[in-house]
Amino acid sequence: MLWRWVDVGMNMLFPQAPRCAACQGPLEREGVCLCLPCVNALPLIRGPVCTKCGQPLPDGCGGCEESWAFAGLRALGLYQGALQEMIHWVKYQGKRELGLALGELLAGPVREEELLRSCSVIAWVPLHPNRMARRGFDQGELLARGLARQLGRRLLPRSTLIRWRDTPSQTRLDRMERWQNVDGAFRVEYPQRVRGKAVLLVDDVLTTGATCHAAASALLAAGALRVGVCVVALSNPQGRGRKRAAEKLSPLWQAL
Ligand SMILES: [Zn+2]
Ligand SMILES: [Zn+2]
């Protein structure tokens, strides 16, 4: 008992140095949330990308066959390796600090793209309230919160963009089914919060883009000026060239 209080006292006198949100290892410097080895392990996207869909160039982009509701999109990396693992840790093991950390990293690609950088408010693709209640948190909100903190932009309240249809998970659906599944699944509860504003919409993984398209459509229908999207990871098994464009160390690390 005594030792526990000694411990508490020591922690108050000498607060513990912040640890890496992924591996709990020591951080090399202040103001970062992931250690260098963890950042180095991420399959980050760098170099030129399609402004509209975020896919690395010059290998072409499959996504732009669709006419997206959002004006532009950037992704931090590819949905594979360490990044895929980290997203799973956040979603299925409740590593909330890591969600915030990944959100902070999103500031890198956002700052590189004028369309996104100039957005004045931040929203996220929300879970349906039923799923949120089961999980206890919304990973999109964690990402958006981390990003808002890093950019110093306003985060729209949770009640703004609502997923009002409890759609089945997209993971087992094919391309066409994914589009039908989320069509009209979102609505904006307080249009005055988005009217005339450029909104930055945050999501974890982008596959077909159907979910982000549906959420962006709801924001535009409510009077948003335009919607830019940023996601943690692009997942598209058909996407050519994505693997090649991913490099281990990105200037994002320096940007933070
Ligand atoms: Zn680490
Ligand atoms: Zn494209």
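Visitor: To start simple, how many helices and strands does the protein have?

Guide: Keep in mind that this is a predicted model. Going by the secondary structure, the protein has twelve helices and nine strands.

Visitor: What share of the residues in the protein is buried?

Guide: Buried here takes 20 or more other C-beta atoms within 10 Å of a residue's own. Out of the 256 residues in the protein, the buried share is 45%.

Visitor: Let's zoom in on helix 4. How many of its residues are buried?

Guide: The buried ones are L98, G99, L100, A101, L102, G103, E104 and L105. Helix 4 is therefore largely enclosed by the rest of the structure. Out of ten residues, the number buried is eight.

Visitor: Which way does helix 4 lie against helix 8, and what is the handedness of the crossing?

Guide: Helix 4 and helix 8 (residues 139–151) pack at about 50°, with their axes 6 Å apart. That angle makes helix 4 oblique to helix 8. As for handedness, the crossing is right-handed.

Visitor: Which residues of helix 4 make the contact with helix 8?

Guide: On the helix 8 side, the contact uses Q139, L142, L143, A144, R145, G146, L147, R149 and Q150. By class, the contact has seven nonpolar, five polar and four charged residues. From helix 4 come R96, G99, L100, A101, L102, G103 and E104.

Visitor: Helix 4 also packs on helix 3. How should I describe the orientation of helix 3 and helix 4 to each other?

Guide: Helix 3 (residues 81–93) and helix 4 (residues 96–105) pack at an angle of about 130°, and their axes are 8 Å apart. The crossing is left-handed. With angles over 145 needed for roughly antiparallel, helix 3 and helix 4 are therefore oblique.

Visitor: Which residues of helix 3 and helix 4 make that contact?

Guide: The residues divide into five nonpolar, one polar and no charged. Helix 3 brings M86, W89 and V90, while helix 4 brings L98, G99 and L102.

Visitor: What about helix 9 and helix 10: how are they oriented to each other?

Guide: Helix 9 (residues 175–182) and helix 10 (residues 210–221) pack at about 25°, with axes 9 Å apart. Their crossing is right-handed. Angles under 35 degrees count as roughly parallel, and helix 9 and helix 10 are therefore roughly parallel.

Visitor: Which residues of helix 9 and helix 10 are in that contact?

Guide: Sorted by class, the contact of helix 9 with helix 10 has four nonpolar, one polar and one charged. The residues are R178, W179 and V182 of helix 9, with A210, T211 and A214 of helix 10.

Visitor: On to the loops. Is Q24 buried or exposed?

Guide: Q24 sits in the loop between helix 1 (2–13) and helix 2 (36–40). Its phi is positive, about 65°, although Q24 is not a glycine. With 9 other C-beta atoms within 10 Å, Q24 is exposed.

Visitor: What is the C-alpha to C-alpha distance between S118 and V199?

Guide: S118 is in the loop between helix 6 (114–117) and strand 3 (121–124). S118 is exposed, having 12 other C-beta atoms within 10 Å. S118 and V199 are 81 residues apart in sequence, yet in space the distance is 9.1 Å.

Visitor: Last one: leaving aside neighbours within four places in sequence, which residues is P191 in contact with?

Guide: P191 lies in the loop between strand 6 (186–188) and strand 7 (198–206), and its 14 C-beta neighbours inside 10 Å make it partly exposed. The C-alpha atoms of P191 and A222 are 5.1 Å apart, across 31 residues along the chain. The contacts of P191 are A222 and G223.

Notes. Residues numbered from 1 in each chain as written. Chains lettered and ligands numbered in written order. Predicted model: local features only at pLDDT ≥ 70, side-chain atom pairs only at ≥ 80, totals over all residues. Axes fitted to C-alpha atoms, helices over the stretch in contact; angles between N-to-C directions. Helix = DSSP H or I, 4+ residues; strand = E, 2+ residues; numbered from the N terminus. Parallel < 35°, antiparallel > 145°, perpendicular 65-115°, else oblique. Left-handed = near helix turned anticlockwise from the far one by under 90°. Contact = placed C-beta atoms within 7 Å. Nonpolar A, V, L, I, M, F, W, Y, C, P; charged D, E, K, R; others polar.
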